[in-house]
Amino acid sequence: MNNWFKILYVFAFSFFTLGKAQEKLTVGEKQTLFSKVLRENREIWIHLPKTYNDTTINPAKYPVIYLLDAENNFGYYAGLTDFIARTPYADIPECIVVGIKNTERTRDLTPTKSQKKSPVNPAVTLFADSGGSENFIKFIQEELKPFISKNYRAQEYSVLVGHSFGGLFAINVLLTHPEYFNAYVANDPSLWWDN
């Protein structure tokens, strides 16, 4: 009798759970921006703060975090910024997160052309497409930032965040164009690059 009760309970729970309408959780939206600098379409993922569309408060402008490697980092980073910006104990202001999806990661995130022979197969050249970070930062500065400013309530305050090659890119931008961003976050940067 006890087993029949368990089966009936599981059936009833499943019926009522599945029968309810599911509410969707949305992390952000995707935009496509054609880059004249890079001569290609770039997919941009945008996460807006929780209060962005709140009609009970005056519309505000928000700082912008430009996040590299969106396909790997966007989901958790959007959640993280919401979490640490929560009231009443916010550690950061609410932010717009702009994730930049990769097309050719090595090309865009490395500052120098550095071809190396594969240690496993000397016939293979590694990093053949490297060294295009100056074009990539030009895309961000001259095309992406104006697009975000035009279409979203963005403050002038911006942060660049990158990991690995993205961290290398962030440090290189800090050294070569420190005025482009107000803050830089380089997680585990690939500082071994090209000696």
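Buried here means under 20% relative accessible area, exposed means over 50%, and partly exposed is what falls in between (1.4 Å probe, protein chains only). The model is a predicted one, so local features need pLDDT of at least 70 and side-chain atom pairs count only at pLDDT 80 or more, while totals for chains, interfaces and linings use all residues. Residues are numbered from 1 along each chain as its sequence is written, and side-chain values use heavy atoms, with hydrogens and water left out.

Helices (H or I, at least four residues) and strands (E, at least two) are DSSP runs, numbered from the N terminus. α2 takes in residues 70-84, 15 residues in total, and reaches 19 Å from its first C-alpha to its last. That is close to the 21 Å expected at 1.5 Å a residue, the expected span being 1.5 Å times one less than the number of residues. The helix isn't quite straight: α2 bends by about 25° at Y76, the bend being the angle between axes fitted to the seven residues ending there and the seven starting there.

As for which side of α2 faces inward, A70, N73, F74, Y77, A78 and T81 are buried. An α-helix has 3.6 residues a turn, so residues three or four places apart point the same way. The cover over the buried residues of α2 includes strands β2 (40-47), β3 (62-68), β4 (96-100) and β7 (154-163), with contact taken as heavy atoms within 4.5 Å.

Then there are the charged pairs. A salt bridge is counted when a side-chain nitrogen of Lys or Arg lies within 4 Å of a carboxyl oxygen of Asp or Glu, and by this rule the count comes to 8. One of them joins the side chains of R107 and E40 at 2.8 Å, N to O. R107 sits in helix α3 (residues 105-109) and E40 in strand β2, so this pair ties together parts that are 67 residues apart in sequence. Both ends are tucked away: R107 counts as buried at 17% relative accessibility, and E40 counts as buried at 16%.

R107 also pairs with E104, at 3.4 Å, N to O, and E104 is partly exposed at 33% relative accessibility. E40, R42, E104, R107 and D108 are linked in a network of salt bridges.

Another salt bridge brings D69 and R105 together at 2.8 Å, N to O. D69 lies in the loop between β3 and α2, and R105 in helix α3, so the pair ties together parts that are 36 residues apart in sequence. Here D69 is buried at 2% relative accessibility, whereas R105 is partly exposed at 26%.
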